[in-house]
Amino acid sequence: MSPMNLIEVENLTMRFGGLTALDALNMSVRQGEILGLLGPNGSGKTTFFNVLTGLYRASSGSIRLDGADVIGKTPQEIYRSGVARTFQRSRLSLSLTVFDNIVIGDYQHMQHGLLFNLLRRKAFRAEYEQYVEKVRDLLKIFSPPLVSRLFEPVETFTMIDRRRIEVCRALMSQPRLLLLDEPSAGMTHDETDELMQDILQVRDRMNKLSVVLIEHEMNVIERVTERCVVLNYGRKIAEGSYAEITADANVQTAYLGEAV
Amino acid sequence: MSEIGQYIFNGLMLGMIYAMVAVGFTLFFGVLDVIKFSHGDTLMVGAFAGLTASIAMTAAGITSPLLQLLGVVLFAVGLTGALGAVIAKFLILPLHKAPPLNTLLATLMLGTVIREAVRLFYPDGSNPKPFPALLPTSSLELGSLSLRVDNLILLAGGLAAIAGVHFLITRTKLGMAIRAVAQDGETARLMGINFEAVVLFTFALGSGLAALAGVMNGLYYNEVNFNVGLLLGVIGFAAAILGGLGNMYGAIIGGFLFATLQVLGSALLPALIPDIPSAYKDVFAFAAVIIFMAWKPTGLIAEKSSERV
Amino acid sequence: MRQTNKSPRGSLALIAAAVVLTLYVWMFLHAESQAAVGVLIAAAAIAVAVSRKLGATRTMEAAVAERPGLARALSLLGALALIAAFHDSHFVLLMLCAVLLFSTACLGLTVQFGYSGVANFAGAAFFGIGSYAAAVMAAHTQIPHPLVILFSGLIAAIIGSVLITPVLRTRGHYAALVTIAFGILFKTFIEVNDVLGGPQGLQVPGMKIFGVALNDGIAIPGVEMSFYVAYALLSLAVFALVYALVSALERSWIGLSMDVVRTDETAASTFGLHIARWKVIAFTTGNFFAGIAGSLYGMVSGFVAPNNFTFADSLLMLSIVILGGLGNIAGLIPAALIVLVLPEKLQFIQEYRFLLFAALVIIILLFRPQGLLPRKTRIFFRGETSK
C-alpha cells in the first residue's frame, strides 16, 4: 500500500439483489489530491460514496482508509476517521436553522453530556459562541448573505444556498477526506465557479484535505481536479488527467455510445 | 379428545380472524405505506352493523336464519367497505404527504372516535350485546370427533374470503393494479392506473374483509362488544408485522401463529398456575406481542422498504 | 452579539399580557355555569382572531423571545396568583395540580415524540407506574417522600427500558405497536391480580416533607386554606423545574442532536450521531418525567386505580402534546387547560371527551398540524435574533 494513498479500493463489489452496482472496482485516492469521479448515470459513483461512508455494506472487496478496512464499520466510525460528505439529493433538516444544520457537522468534537448541557450553562454558552464564530467564518466564505440569517430555518433558502450549507456542514469537522456528490447541480456556471473557488480556499487552510468530486460539469472537472477516475457499470474504465480521459475511446463510448 | 378438539377449533377460528385483520393491515401498508390503526375498530363496526341488520330484519318480520345471515353479511361488508373508502378519501389520502407519524396518530385517534361513537351512540353501547345465532347448530360426527357445523361453516367462510382476496390480488387485472400501486405509486399513475380509485378500493376491500371477520367473531362468540376492536387491532397488526408488512401470506401465517400462542397460553397457564383468572389470556397475548417485537422488531420476514440515499 | 437596547415597551406588553391571561384563567376556573364558559370561549376565539389581524401575536412572540426570563417570572407569578385566589377551593386546586402534573408528564412526551420522533402511546401507563410506585413506597417503606418521587421516576424509566429494542427501530409504527401493547398490558395486569389492589386500586399516603404532612394543610390565622394549596405549590415547583430542564435540553447540543436524528437519520449517522443512544436517552428521560409526575399526583389525589391509566388516557396526553404544538413546551399548559379543565366546566362534554379530543386531534393533523402554538426555530440564547 503506497504511503501516498489515503484510500485504496480493492475488488469492491456491491450487489443489490440482481443488480451489480459496483463490479470489482479498483482505484485509489491519493493524499491531498482533488480527484474527479466521473461516469454516466448509474455507473456506481454515488453507490461508491455510500459504501465508503458505511451506509451500504459491500458484498465483497475492501476499501482501506490509512490501511484499515472500512467495510463493516458503522457510518459513525467512518465519520470519526475523518470522512465527511454531501448528498446527491440534498439532505438537510429543513425545519432546523442554518446554524443547527451546519454546526452538527462537528458533532464529534461537541460535548454531549447531560450535566454539561443542562446544568453548566455558562460553560455551554462559551462553547456555543465559539461554534457560532466558526460557522460564521465558513459562511462568510461560501455565502456572506447567510451570515445575518444564521438562525432562520433552512427551508426558507434557495436550493443553491442549501447546497452551500451542506458543504459547510461537511467542512465543519475539519475532515481529511471530503466527498462531494454533484455539489453544483442546479447552479449556473458562475455559481459553480464560485463554489469551487470557495472550497479550494478552505482547503488551503486545511492541511492535506483530500477531495473526491462527483461532477457532470466538465469545465469544473477540468479546472479543479488533478486526476480523474471514470466509472461505467461499476467498473473503472479510465484513469488519468482530464485531458487523458477525455481522449480515451472507452470514455467516449460510455458517454456517447458506439461510433456508427 | 373433544377438549383438545375444542382448543384446536378455538385456535383455528381465532387465527382466521386475526389473519383477516392482518391481511387488511398488510394491504394498506403495501398500497400506501400507511398503518391504519383503526382497522380493529373497523371490524367492530362490521359486527355492530351486522347486529343492526339482524335486528332490523327481525323487526321487519324476516326471521329465516339464512336470509338474515345473507342480510347481515351483505350489510356489514357493504357499510364497512364504504366506511373504509370514505376514511381513505378524507383522512388517509390527504395525510399521504405528511410525516408518517401524523397518519399513525390520526388513525389511532380515528379508532378512538369510532370506538367511543359506538359506545356512546349505539343503544346500550357500553355493554356486550348478544349476537344472533344464525348458523345451524347441528354436529357432524367424524369417527370419535364431534364437529359443530356452525364452526365448520365459519372456518370455511373465512378460508373462502381469504382465498377470494388472494385470487383477486394475484389473478385479476384489478389485483394487478393494486400490486402496481403497492410497488410504485408514481409509476403506476404514469401507466394510466387511477391511483385514487385503486387506493379507495383497496381500503374498501380491507375494511370489508374486517367486517366479515367481525360478523364471524360475533357468530362464534355469540356476542359483540365495543371494545373488541382494540385488542384485535393490536394483535392483527402484530401478526402482520410478524409475517412481514406488505406480505399477504406472511400476514395469514402471522395470524395463525398468534392464535396458536394464545390458545397454548390459555391451555397451559392454568396448568402452571392454578386458579389463574381468564383475563390473563389477554395479558399473555400482549406480553407475547411485546416479547416478539423485542426479539424480532421487523418480523420473521423483513418488511419491504427501500429508501434512496 | 448581545442586544442591549431593549425597549421598555416590550416589558410592559409582557406584563399586560400576563395580567390579562391570569385574569382570563381566573375567570375560566371560577365560571360556574356552562353559559359563562361558553361566553369565555367565544371571547378567547375573538381575541385571538383580532390580535392576529393586528399583528399583536407577532409582537408578543418577539417580546417573549427577547425577555425569556421576564416571561417565565411573570408566568410563575400568574400561577401563584391563581393558587392564592383559589386558596379555599379544593376542587380548583386539585384541577390545577392535575394540569401541572399532566403537563409535566407531557414534557416527557415532548422530549420523546417532539424532539426525537419516538412514538410513545403508553404515557399514561408510565404515569401510573409512578403513582403505584409511590403508593407502595410511601405505605410500606420509610423512604423520605421527596426521594420516593425520584425513585418512582427511576422505576418508570427502568420498566420502560424493557421496550427499548423495538422502540429503536426506524419506522415509528414498531414503537407505536409496542407501546400500545405495553400500555394495555400494564392496565390489564394490574386489574387482574390483587397484589397491587386490583381494580379498586391502592391508597396513596399523603406527602410528608421533613416530617410535615401536607395533608394537614397550612394554617394561617384568619385564613381558611385548603390543604391542597401546599400540593399545588409543590406541583408548580415540580413543573417549573422539569420545564426549565427540558427548555435547557432543547437549547443545547442534546436537543439539536435529537432533532437531527428525528429529521434525517441517514445524514445524522454520516455525521457521527449515535441514533440509538439519543432515542434511548429521549425515551428514558421522558418516562422518568412521567413517572415523577405520576407519583406526586398519586399523593395529591390520595389513591391510584388502573382505570385512570387506560390507553384512552395515553391518547389524551398525546392530544395535549399535539394540540399545544408538537415540540413547543410553552403550549402544554394552555392545551392541558383545554383538555383537562374544559370537560369539567362544560359538564355535557365530560362523557364525550375522549371522542371529542380524538376528533380534535384528527382535525388538527389535517388542517393545522403544527398545533395552537407552532414550534419556533431554535434560539440557543436570547439576543441571537440577528437583525
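Biologist: Why does S173(A) count as buried?

Modeller: Buried means under 20% relative accessible area, against over 50% for exposed and partly exposed in between (1.4 Å probe, protein chains only). S173(A) has 5% relative accessibility, so it counts as buried. This is a predicted model in which local features need pLDDT of at least 70 and side-chain atom pairs count only at pLDDT 80 or more, while totals for chains, interfaces and linings use all residues. Residues are numbered from 1 along each chain as its sequence is written, chains are lettered from A and ligands numbered from 1 in the order in which they are written, and side-chain values use heavy atoms, with hydrogens and water left out.

Biologist: Where is S173(A) placed, and which residues is it in contact with, leaving aside its neighbours within four places in sequence?

Modeller: S173(A) lies in the loop between α6 and β7 (177-181) of chain A, helices (H or I, at least four residues) and strands (E, at least two) being DSSP runs numbered from the N terminus. Contact requires heavy atoms within 4.5 Å. With neighbours within four places set aside, S173(A) has contacts to Y79(A), A84(A), G105(A), D106(A), Q108(A) and H109(A). Its C-alpha atom is also 8.8 Å from that of I104(A), 69 residues away along the chain.

Biologist: What makes T47(A) buried?

Modeller: The relative accessible area of T47(A) is 15%, and therefore T47(A) is buried. This residue belongs to helix α1 (residues 45-52) of chain A. Beyond four places in sequence, T47(A) is in contact with M14(A), F16(A), A21(A), L22(A) and Y56(A).

Biologist: How many helices and strands does chain A have, and why is chain A called as compact as a globular protein of its length?

Modeller: Chain A contains ten helices and ten strands. The radius of gyration is taken over C-alpha atoms, and the globule rule is 2.2 Å times the number of residues to the power 0.38. For 260 residues the rule gives 18 Å, and chain A has 19 Å, which is close, so chain A is as compact as a globular protein of that length. Along the principal axes, its C-alpha atoms fill a box of roughly 70 × 40 × 35 Å, and 57% of the 260 residues are buried.

Biologist: How do you know that the radius of gyration of chain B agrees with that of a compact globule?

Modeller: A compact globule of 309 residues would have a radius of gyration near 19 Å; chain B has 19 Å, so the two agree. Chain B comprises eleven helices and four strands. Among its contacts with a separation of 6 or more, 74% join residues 24 or more positions apart.

Biologist: How is the extent of the interface between chain A and chain C expressed?

Modeller: Interface size is often given as the accessible area lost when the parts come together. Buried area here is the accessible area (1.4 Å probe) that two parts lose on being put together, summed over both. Chain A and chain C bury about 3600 Å², with 66% from carbon and sulfur atoms. Y107(A), R125(A) and F151(A) supply 17% of the area that chain A buries against chain C, more than any other three residues.

Biologist: What makes the pair D100(A) and R378(C) a salt bridge?

Modeller: The definition asks for a side-chain nitrogen of Lys or Arg within 4 Å of a carboxyl oxygen of Asp or Glu. The closest N and O atoms of D100(A) and R378(C) are 3.2 Å apart, so by the definition the pair forms a salt bridge. The count between chain A and chain C is two salt bridges.

Biologist: How do you know that E351(C) and R119(B) meet in a salt bridge?

Modeller: Their N to O distance is 4.0 Å, so by the cut-off the pair qualifies. The rule finds one salt bridge across the interface of chain B and chain C.

Biologist: Which element gives the most to the side of chain B that touches chain C?

Modeller: The elements giving two or more residues to that side are α3 (65-92), α4 (100-121), α9 (228-242) and α11 (280-295) of chain B. Of these, α4(B) gives the most, with 16 residues.

Biologist: How many residues are in contact between chain B and chain C, and how much area do these chains bury?

Modeller: Chain B places 47 residues in contact with 41 residues of chain C. The two chains bury about 3800 Å² between them, 82% of it on carbon and sulfur atoms. L105(B), M109(B) and I290(B) account for 17% of the area that chain B buries against chain C, more than any other three residues.
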